[in-house]
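Take a look at the sequence and the model, then work through each solution step by step.

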Amino acid sequence: MLISKKWLSQYMDLSDLSIEEIAERITNAGLEVEGIEKGAQATNLVIGHVESCVDHPDSDHLHVCQVDVGSDIRQIVCGAPNVAAGQKVIVALPGAKLPGGEIKEGVIRGQQSNGMICSLLELGVDAKSLNDAQKAGIEILGDDAEVGSTKVLEYLGLDDEVLDVSLTPNRSDCMAAFAMAKETGAILDCKVTLPDYRGASAIGEPTALRVASESEKCPIYCGKIIREVTIKESPKWMKELLMASNIKSINNVVDISNLVMLETGQPLHFFDLNRLDKEEIIVRDDLQCKYTALDEAEYDIEPGDLMITVDGKPVAIAGIMGGDNSKIEADTKGILIEAAIFDHVSVRNTSRRLNLNTDASIRYQKGIEPDAPYAAMDRAVQLLIEYADAKGIEQTAYSAPWKVEQRTVEVNIDRINALLGTQFADAQMM
C-alpha cells in the first residue's frame, strides 16, 4: 500500500512529525513500512521561460534555447521534441543533482549549454504515473508558474514523501486510504477527520436501468446512470494523490474512479453510457470469446470467467479491467457507474490465467468489506457533482436487495488488557 504524508495530512495534523518518525511508529504497531520514497529526487531547480528556440546548426534533433531563469538568460541545448518558445519549463541549473547524475556546464556540438530543461522522468518520477506525452518530452508548466521560483517541487506537488506499507493478509482493510488514515491516527494518537460523503448517492430520478447477476460469484451489483458529465483536467490535488500512488492522471472522470478505489478500497468502473447498446447490465460466467480490454490487448475468455455484459456482449472483465468498447473518452457525455462485489477466488483465477493483475483485481482478491460498494458509490457521486458537473442523476439500481448483516461482538476489556499487556480504560476502547 502506497500512501503519502501529504495524503495522510488531509485527515490529521502531522506537522510535528517527520516521515521517518511516522514510518517507525507504524512499523512498531505491526504494519511494516518497507520503504520511504520521495516524490522526486532533484536539487537546484528553477522555473524558466523559453524566450527563443531554434534548431541546432549541427544536429537534426537538438534545439538551442534562450531561457529566462529569473536572474539571467541562459543558453541551454535541449533534445526534447516538444520544446518551443513561449513555454514555462523546469530548469536544472549547473550543480543540480538528478537521479541520472550531476548537471554541469558544457559544450554540445559546438554550442554552449548552461543547464538542462527537464522532464518529470529526469526528476525521478515513476513512469507508471506519467502519460505518454510526459514520458516523451519535457514537462510544460502552467501559466501560473512563477519564472525564477526555486520552489519547483512544491509547484509540481512532488514535495511529498510516500510510505510503502507491507500489509499482512489479515489487514487488507488498510488497502484503503480512509482505513489507513484511521489506523495511523490511532497509532499516533491523532484526531482523524475524513470527508463526509455518506448518503451522497441516495438521490436521483427514477431509472429504467436494469442490472442483474446470473452468477453466484456476483452477489450484489450496483449500477447508477449519470446523464451529463464534463470531461476536463483533474484538479491539482487529485493528480498529486494519484501520482503518489503510481497512477497516471487521465481526466477528471477516470481519475475520480481511481481515487475512490484508493480511498475506500472498493474498485469502481465507469462505462460510457452512449457506447452501451442497451441500458442494462447482466453479470455472466458462461461466455467463451475473445475480448479486447482497456490495455488494447485481446484476451481469451472461457466459461467460469466473470464478465459484465450488455445485450449479450461483454463490456468488461469483472473485477479486473474494463473494455475498449465502452471506455471513457474525451467526448463522453454520460456514464454508468459500477460498484459490485465479485468472488475473490473467481477474480484470482481469471487474473492468473490471463496474466492480468490490476489495482482492482488485487483488492478483490484480498477481499472487500460488505458495505464498500455502497460507500464507494456515495463518494463517487459526491466527487462527480463537484468536479465533473454531474447532472441527470438517476436512482441506483441493484441486482439484489441490499443486505449487510450487522454483527455485535461482546468483548471483555480486562481480558483484552491482559492479552495485550496494556491498561486501556473503557473510554479509550470505544
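**Exercise 1.** Is Met 307 buried or exposed, and why?

*Solution.* Keep in mind that this is a predicted model. Start with the relative accessible area of Met 307, which is 0%. Next, recall the cut-off: a residue counts as buried under 20%. Met 307 is therefore buried, because its relative accessible area is 0%.

**Exercise 2.** Which residues is Met 307 in contact with, leaving aside its neighbours within four places in sequence?

*Solution.* First place the residue: Met 307 lies in strand β19. Then look around Met 307: its contacts include Ile 282, Val 283, Leu 287 and Tyr 291, and among them are also Pro 314, Ala 316 and Ile 317.

**Exercise 3.** In what order do the strands of the open sheet with β19 come?

*Solution.* Read across the sheet: the five strands follow the order β13-β16-β19-β20-β21, with mixed pairing. Now find its edges, β13 (210-213) and β21 (321-322), each of which pairs on one side only. Finally, zoom in on β19 (residues 307-310) and β20 (residues 313-317): they run antiparallel and are joined by four bridges. Here Val 310 stands opposite Lys 313.

**Exercise 4.** Which residue of β12 is the bridge partner of Ile 36?

*Solution.* Begin with the strands: β2 (residues 32-38) pairs with β12 over six bridges, in the antiparallel sense. Within this pairing, the partner of Ile 36 is Leu 163. Then turn to β1 (residues 2-4), which is antiparallel to β12 (residues 161-166) and joined to it by three bridges. There, Ile 3 stands opposite Leu 163.

Conventions
Residues are numbered from 1 along each chain as its sequence is written. This is a predicted model: local features need pLDDT of at least 70, side-chain atom pairs count only at pLDDT 80 or more; totals for chains, interfaces and linings use all residues. Side-chain values use heavy atoms; hydrogens and water are left out. Two strands pair if DSSP finds at least two bridges between them. Helices (H or I, at least four residues) and strands (E, at least two) are DSSP runs, numbered from the N terminus. Buried means under 20% relative accessible area, exposed over 50%, partly exposed in between (1.4 Å probe, protein chains only). Contact means heavy atoms within 4.5 Å.
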